[in-house]
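Here's a quick tour for anyone meeting this structure for the first time. Have a look at it before reading on.

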Amino acid sequence: MQRDRRQFLASVGALAAATACDEPANPAAPKPSEPAPDRSPEPAPWAAPGTLDSLAFPGGVRAGDATSDGAILSVRTTEPTIDLLVMVAAADGWEEVARHDGLTPVEGNVQFELEALASDSAYAAVFLAGDRRSATVRFRTAIPSGGWRKVVFAATSCLGSADPSWASLAEIASFDPDFTLLLGDTVYADGSLTAEDYRAEWERAFANESLQALFARSSLIATWDDHEVANNWVRSEGDLLHTAVTDEQLATATTVFRDALPMRVGPGGNGLWRKLGWGVVDVFVLDSRGERSKGKIVSDEQLAWLQEELHASEAAFKIIMASVHVTDHYDLMSTGAADDRWQGYPAQRDALIAAIVEVAGVFVVTGDMHYGGVQRIDPEGGPAADRWEIAAGPAGSSLFPLSAVAQIGGDGVPAQYDAVIEDWTSCLFVADPGLGTLTVQFIGNDGGIRAERTLSA
Ligand SMILES: [Fe+2]
């Protein structure tokens, strides 16, 4: 189902005004007032020159980690050299702004960082080999610091094989998101060892038409979960539930991951955790997998960085993007598999919760658990009982039967879970700094809205 984007954006403003029920938790936060403006309209999709050659450019073009003046593009190609053509949206269509010729692939991959772009503008790009071309990619540069408008972004996770259509990805793409969060388990590369193994998994995923539709119409902000490397991987000795990986295998998987999904290098650790600023929205990308050690789900360095950046952020919305849940699921499933989420690391979780509670406008967006949800981070009485985590996806992995699990205890789904979606969905968000609201829709494979909530920052 294709819906009219302007109609959606307009309805969100009215809906948010009607349904926002919580007072801002921080009395210093601005009171809801007027809806912020929508972003400037964009021309119809760019019709690139040349003939699409999906054999020479398999899997489309990815744009990643857009900033207010740049973005990184990534493409796989069988050609020895390729050219890049970049267009910017203008009042009456698309204008050429840059051309970069003679790009040479490394291991069949080209990544190119675009710089000196205009802020909060729509761009389109294509890679060329003579008169043949890749798929096109459309993306927006970020809102500059001090900018003021609604931000429309998407999120998904767990692109597994239980429903291989991943059709919700094409549905969220139709809204031309400002950016899309890939929350992890984008591939299930379990059993891979060599670079060829890992590349084959990414190429298989990138052959999916719904994912290609998403690549064509949104930049990405990506993190990983376990399956980009191995199922529940650990660097120590494996066991029945955990797969041991060597440093060499991890390095290989990391290289292929970074080749596949263009992303910037963060300020410390393994370089995966980082911040992307969109003016009124700051996105804090966590790596909840790659820096685990005994009793710790992230490195001390990563946690300290997050605490510091949350407190320093002046954005109305602070989105913590984590592959695994921060929510305390004890009332639903006790401590089952708690070591696979923040709940199993109480000292670090307590420190994170303290920051979430102290800072206004924090939301957590996660994947991994194969249900969609809007849930209170702590059960009633807990410090973060009035703070929200949005569980996004799965786009295609086997569904987690949360309501059936809840029945085992006999009481049904606890009140902590405000919305539970047991279907394949991806999320569409509208952050409105004027009203101070974050609206989330869970969009199914048919484009229908499975659930919608409006939360106050
Ligand atoms: Fe998964």
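## The overall picture

The chain has nine helices and 24 strands, where helices (H or I, at least four residues) and strands (E, at least two) are DSSP runs, numbered from the N terminus. Its radius of gyration is 21 Å, close to the 23 Å from the globule rule for 457 residues, so the chain is as compact as a globular protein of that length. That radius is taken over C-alpha atoms, and the globule rule is 2.2 Å times the number of residues to the power 0.38.

A word on the source: this is a predicted model, in which local features need pLDDT of at least 70, side-chain atom pairs count only at pLDDT 80 or more, and totals for chains, interfaces and linings use all residues. Residues are numbered from 1 along each chain as its sequence is written.

Along the principal axes, the C-alpha atoms fill a box of roughly 65 × 55 × 40 Å. Buried residues make up 52% of the 457; buried means 20 or more other C-beta atoms within 10 Å of the residue's own, exposed means 12 or fewer, and partly exposed is in between, with C-beta atoms placed from the backbone.

Where they touch, 20 residues of domain 1 are in contact with 20 residues of domain 2, contact meaning C-beta atoms, placed from the backbone, within 7 Å.

| Element | Residues |
|---|---|
| α3 | 195-206 |
| α4 | 209-217 |
| β12 | 220-222 |

The largest share of that side, four residues, comes from α4. The residues of the domain 1 side divide into 12 nonpolar, three polar and five charged. Here Ala, Val, Leu, Ile, Met, Phe, Trp, Tyr, Cys and Pro count as nonpolar, Asp, Glu, Lys and Arg as charged, and the others, Gly among them, as polar.

Leu303, Gln307, Leu310 and His311 in α6 meet Gln348, Ala351, Leu352 and Ala355 in α8. The residues of this contact divide into five nonpolar, three polar and no charged.

Is Thr335 buried or exposed? Thr335 is exposed, because it has 10 other C-beta atoms within 10 Å. From C-alpha to C-alpha, Thr335 and Ser74 are 40 Å apart in space, and 261 residues apart in sequence.

Methods
Contact = placed C-beta atoms within 7 Å.
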